Amino acid sequence: MSTTLLTGSEAAAYGAKLARIEVLAYYPITPAFPAMERISKFIDEGDLNTRFVRVESDHSALAAALGASLAGSRTFTVTNSQGLLYMTEVVYHTAGLRQPVVMAVANRALSAPHSRFPEQGDAISQGASGWIQLFCENNQEVLDNMLQAFKIAETVRLPVMVNYEGYIQSHTLEEVEVPDQEKLDQFLPLTRVRTLDVENPQAVNTVASPEFYMDYKFRQNEAMEQALTVIDSVSTDYANEFGRDWSGLIDSYQMEDAEHAFVAMGSMISDARIAVDELRSQGQKVGLVKMRTWRPFPAEALRRALKKVQLITVGDKNIVYGLGGALGTEVRSALYGQTVRINSYILGLGGRDVTTEEIKQVLELSEKTEQQATASEWFGL
Amino acid sequence: MALSIADLPKEELFGQGHAGCGGCGAAVAGRQAMKALGSRTIITIPASCMATMGGSNLKTTWQIPFYHTLFEIAPAVSSGIRAALDAQGIEDVNVVSWAGDAGTADIGFQALTGAAERNEHMMHVCYDNEMYMNTGGQTGSQTPKFAITSNMANGKKVKKKNMLAIMEAHEIDYVASASIAYPLDLIAKFKKAAKKPGFSYMHILAPCHRGWQIPAEKTIELARLAVESGLFELYEVDEGKRTRTVEPTFIPVDNYLLPQGRFKDLTQEDIQDIQAGVNRHYGRGE
């Protein structure tokens, strides 16, 4: 174990290196590209025995990773925003083929208008794709989630996205503890499954008639439900091995006696922890629920974490047009039939700042709001 | 030593029980190619007739690993497969992407040009029936000028894009045209391509009797007339060296065109225009 200063991008790259990925495919995009360049450097310097497929597009990046995965290799790619949208067809396809590809996503706003700044709309757009999605609150968690992602993916045979926000996380240095390779190798042995194998020929993705298609989809969703258990158990195993406990599906902070809970995901969480501390020092009984897992949606864990509160405030760095914030919508759905008051806010789109101060303001605004007029209100316009 | 039919393996790795039409040119191409490629081959096929007729539900005609890919990605997928085989130290496996003219020249072109530029150790095969037959026969870039299709009742106004020239411009290891009417020529070319350390491109004219509006039993005959008339030249570019592999007899082009329903509205002027193109290409009659 060694402690070093790493950006989120570098943390993702170290995760891929420690996981000993065999095939890497990517197409450069801002702000994800430093992660790619770092892994390429590991390869060029002889620190990583990985084949790099220098594809001509994001669409082909995931396609190449998928091909390598089907041939039995551990594979990784990284992208964000327009790149993720461009590869969307392959994103869904990869999940349907049950391939354990891991993809880092340096979350960035979607065009139009053009923006290169942080937001979670890109990841949210893939919410129905069949990928497990983890969000990270800091760079240490980027590294730890990367390593857990391969374990989860290869256990349930589903692809995993590791989300961290562009710039706020991808380009910011933090102290990160890097696990020892030897110990990591024991935690993450490669479970090789060769789907495309000349020794055992199989046909992949043959046309499925109505008698078959729906049953495949049932199995795929069943695997997502199984992931709810696996994400928790991998998190516990990781904590036991490496001493850092990210609490599985969700994390609760100061929730024991909380009357008001803030629910969010990603980089806002670190700021929200400070906001909660400051409000508590003023005597307010606020707490925080961090959505570490966005897909599969951990509704049951969320209900348990929120069962004692009277007010829930959701912060969404995304907008589903005509509906509201995606997390707000999911939280309302998970708590359907319960008497708790839920207020949902859209904030921080396209890189607009969300600091501790903004989070405190949102929580105070929510305290004063009895009934929201719309599904989500906009904060910080 | 020249190949003979008797030398070919009896083993059928593709084609028995396929779901294509009787007289399907693509199926003939697949069967012939597999005689050269053998069982240590992984094939990826994007959306096309060839992909759907290769298998459905729990059945497949392929005796080798076969993956029906998304429309635009076969050469990229195959690049990833090769990378994985290399990473695992698995050698002597042919990695092939096999697409129709749309999956090669149009919607699939980006991934193809990418893989070719990287000189990936693989081959891409275009089976060209000159229209989008899996969706009912619409016009694409490989549809020849004047041909009538399901969405261009008055015929195509512009020329067919020359994919062989485009792929030759990538300066890859091997480029060849082939025809299902010349199986030994086709098989010899596949054997050559399979030995290359880098990228090979094979372009097979594989008539579709439905789209071309010819009797099913005329598939091979029309494929031969395309070559004999000089309209489809059989050649290879082997590491930059260009060689014509079959000398045409230069029968007049109307022998090839007029039996086809898709050319039923050709005027004498159109036919002269096409014949002039052939004469120009081969430097004849000047």
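**Figure 1. The contact between chain A and chain B in the predicted model.** Chain A puts 37 residues into the contact, and chain B puts in 37 residues. On chain A, the elements that each supply at least two residues to the side touching chain B are strand 2 (23-25), strand 3 (51-53), helix 3 (58-70), helix 5 (88-96) and strand 9 (203-204). Helix 3 of chain A gives the most, with nine residues. Sorted by class, this side of chain A has 20 nonpolar, eleven polar and six charged residues.

**Figure 2. Strand pairing across the two chains.** Strand 9 of chain A pairs with strand 4 (residues 66-69) of chain B. The sense is parallel, and the pairing runs over two bridges. Ala203(A) has Phe66(B), in strand 4 of chain B, as its bridge partner. Strand 9 of chain A also supplies at least two residues to the side of chain A that touches chain B.

Figure 3. Asn200(A) counts as exposed because 9 other C-beta atoms lie within 10 Å, and the class takes 12 or fewer. Ser9(A) is 191 residues from Asn200(A) along the chain. The C-alpha atoms of the two residues are separated by 38 Å.

**Figure 4. Helix 9 of chain A from end to end, residues 210-242.** Helix 9 of chain A has 33 residues. At 1.5 Å a residue it should span 48 Å, and the end C-alpha atoms are 47 Å apart, so the two values agree. Just after helix 9 of chain A comes Gly243(A), with a positive phi of about 80°.

**Figure 5. The buried residues of helix 9 of chain A.** They are Ala227(A), Val230(A), Ile231(A), Val234(A), Ser235(A) and Tyr238(A). An α-helix has 3.6 residues a turn, so residues three or four places apart point the same way. The cover over these buried residues includes strand 6 (132-135), helix 7 (139-156) and strand 13 (293-295) of chain A.

**Figure 6. Asp237(A), a residue of helix 9 of chain A.** Is Asp237(A) exposed or only partly exposed? Asp237(A) is partly exposed, because it has 13 other C-beta atoms within 10 Å. Phe187(A) is 50 residues away from Asp237(A) in sequence. In space the two are 8.4 Å apart, C-alpha to C-alpha.

**Figure 7. Strand 15 of chain A and its pairing with strand 14 of chain A.** Strand 15 (residues 341-346) is mostly covered, with five of its six residues buried. Strand 14 (residues 311-316) of chain A runs parallel to strand 15 of chain A, and six bridges join the two. One bridge pair is Leu311(A) with Arg341(A). Between the two strands the chain passes through helix 12 (residues 326-334) of chain A. This β-α-β crossover is right-handed.

**Figure 8. Strand 15 of chain A and its pairing with strand 16 of chain A.** Strand 16 (residues 377-378) of chain A pairs with strand 15 of chain A in the parallel sense, over two bridges. Ile346(A) stands opposite Trp378(A) in strand 16 of chain A. Which hand does the crossover from strand 15 to strand 16 of chain A take? The chain goes through helix 13 (residues 356-368) of chain A, and this β-α-β crossover is left-handed.

Key
Residues are numbered from 1 along each chain as its sequence is written. Chains are lettered from A and ligands numbered from 1 in the order in which they are written. This is a predicted model: local features need pLDDT of at least 70, side-chain atom pairs count only at pLDDT 80 or more; totals for chains, interfaces and linings use all residues. Helices (H or I, at least four residues) and strands (E, at least two) are DSSP runs, numbered from the N terminus. The expected span of a helix is 1.5 Å times one less than its number of residues. A residue is buried if 20 or more other C-beta atoms lie within 10 Å of its own, exposed if 12 or fewer, and partly exposed in between; C-beta atoms are placed from the backbone. Two residues are in contact if their C-beta atoms, placed from the backbone, lie within 7 Å. Ala, Val, Leu, Ile, Met, Phe, Trp, Tyr, Cys and Pro count as nonpolar, Asp, Glu, Lys and Arg as charged, and the others, Gly among them, as polar. Two strands pair if DSSP finds at least two bridges between them. A crossover is right-handed if, with the strands pointing away from the viewer, the path from the first strand over the helix to the second runs clockwise.
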